[in-house]
Amino acid sequence: MRVWPGQPYPLGATWDGEGVNFALFSEHATAVELCLFEHPQDANEVYRIRMPELTDHVWHVYLPDVRPGQFYGYRVHGPYKPEEGHRFNPNNLLIDPYAKAITGRIEWSNALFAYKVGGPNEDLEMSTDNSAAGVPKSVVIESAFTWGTDRRPRIPWNRTVIYECHVKGMTIRHPDVPKPLRGTYLGLCSDPMIDYFLALGITAVELLPIHQFVVDRQLVKQGLTNYWGYNSIGFFAPDVRYAAKGLGNQVYEFKSMVKTLHSAGIEVILDVVYNHTGEGNHLGPTLSLKGIDNRAYYRIVEGDARYYMDYTGTGNS
């Protein structure tokens, strides 16, 4: 595996036709390792590459031998001092916050927490369990797409009529949507749905969160799910659960949906919730931002950095 310095921009994993540039922001880390996996469920990486360059708090590397479809994650080194707001634990595999695709659901276990669950010191005692088997992997994508003459409709606000809907809920029981497309991005832009939207006279669909999200451990234990998706873990990754053809197709199908709706004169608005993520409060799992740089990505309590400024009562900020 050849390792070149790469560039600090753009953030995330970027395929340029010859290789892939990886860039990750972490102000307080002491080292960052890029981990490459052969399969989404693997517990052990096939390559662990120490990222050699640091530019303006961005760690970066370029791998000329990596191609789209590569599964990856990060292990970030630094102090584990929750009382100071630092929660670095290289035993936790971390999702790239700028990943354009993520493999799927979390497989819950105590290993996904950076601390020893059930211990007398709660989150103050660092865990040594490897979390990689249960953490979804980030995916390098081929970003090329035939947009053609697609343009945003740019309908004036005084003529805008918005229909708020959920990708799955809108189509999962619609009798006229082809069964293989029900509950998916492609189902939402199928002919029966477009005919319905146009008959209503709406000019835009506002989609409840379509970003890759976390179903809380407590809900999973009860056999429930986070239906609405307000628990994002990848703000740049369309959730694979809404892809008709599953993993590897979510980005293409999402873009196809947007292009098809635009061609019908319908704008697409995304509901994005930035005030909290699927990592929860100080006792929540370490899946991405919390382990990459807790102090940089979250608002913490002044004078007691162990806790978060939970302005909205949703677990973190």
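Is C35 buried or exposed? C35 is buried, with a relative accessible area of 0%; buried means under 20% relative accessible area, exposed over 50%, and partly exposed in between, with a 1.4 Å probe and protein chains only. This is a predicted model, in which local features need pLDDT of at least 70 and side-chain atom pairs count only at pLDDT 80 or more, while totals for chains, interfaces and linings use all residues. Residues are numbered from 1 along each chain as its sequence is written, and side-chain values use heavy atoms, with hydrogens and water left out.

The cysteines come next. The structure holds 0 disulfides, a disulfide being a pair of cysteine sulfur atoms within 2.5 Å. For C189, the closest cysteine sulfur is in C165, 12 Å away, which is too far for a bond. C189 is buried, at 9% relative accessible area.

The interior can be described through its nonpolar cores, each a set of buried Ala, Val, Leu, Ile, Met, Phe, Trp, Tyr and Cys residues joined through side-chain atoms within 4.5 Å. The largest has 37 residues, and F22, L34, Y72, Y74 and V76 have the most contacts inside it. At least two residues of this core come from each of β1, β2 (20–25), β3 (31–37), β6, β7 (71–77) and β14 (232–238); strands (E, at least two residues) and helices (H or I, at least four) are DSSP runs numbered from the N terminus. A second, separate core of 22 residues includes I194, F197, L207 and F254. Leaving aside residues up to four places away in sequence, L34 touches several others, among them F22, Y47, I49, V61 and Y72; contact means heavy atoms within 4.5 Å.

Helix α6 (residues 289–297) has the buried residues L289, K290, G291, I292, D293 and N294. Their cover includes β2, β7, β9 (86–87), β16 (300–301) and β17 (304–308).

Charged residues also make links. Side chains of opposite charge can pair when their charged atoms come close. A salt bridge is a side-chain nitrogen of Lys or Arg within 4 Å of a carboxyl oxygen of Asp or Glu, and the whole structure has 10 of them. One joins E45 to R75, with the closest N and O atoms 3.0 Å apart. E45 is in the loop between β3 and β4 and R75 in strand β7, 30 residues apart. E45 counts as buried at 16% relative accessibility, and R75 is buried at 2%.

Another salt bridge pairs E122 with R306, the closest N and O atoms being 3.1 Å apart. E122 lies in the loop between β9 and β10 and R306 in strand β17, so this pair ties together parts 184 residues apart in sequence. E122 is partly exposed at 40%, whereas R306 counts as buried at 13%. D239 and R241 also meet in a salt bridge, at 2.8 Å from N to O. D239 counts as buried at 0% relative accessibility, and R241 is partly exposed at 22%. Salt bridges with shared partners join E33, E45, R48, R50 and R75 into one network.

Some backbone features remain. The peptide bond from Y9 to P10 is cis, with omega near 0 degrees, and P10 is in the segment before β1 (12–15). H57, which is not a glycine, has a positive phi of about 70 degrees. H57 is in the loop between β5 (53–55) and β6 (58–63).
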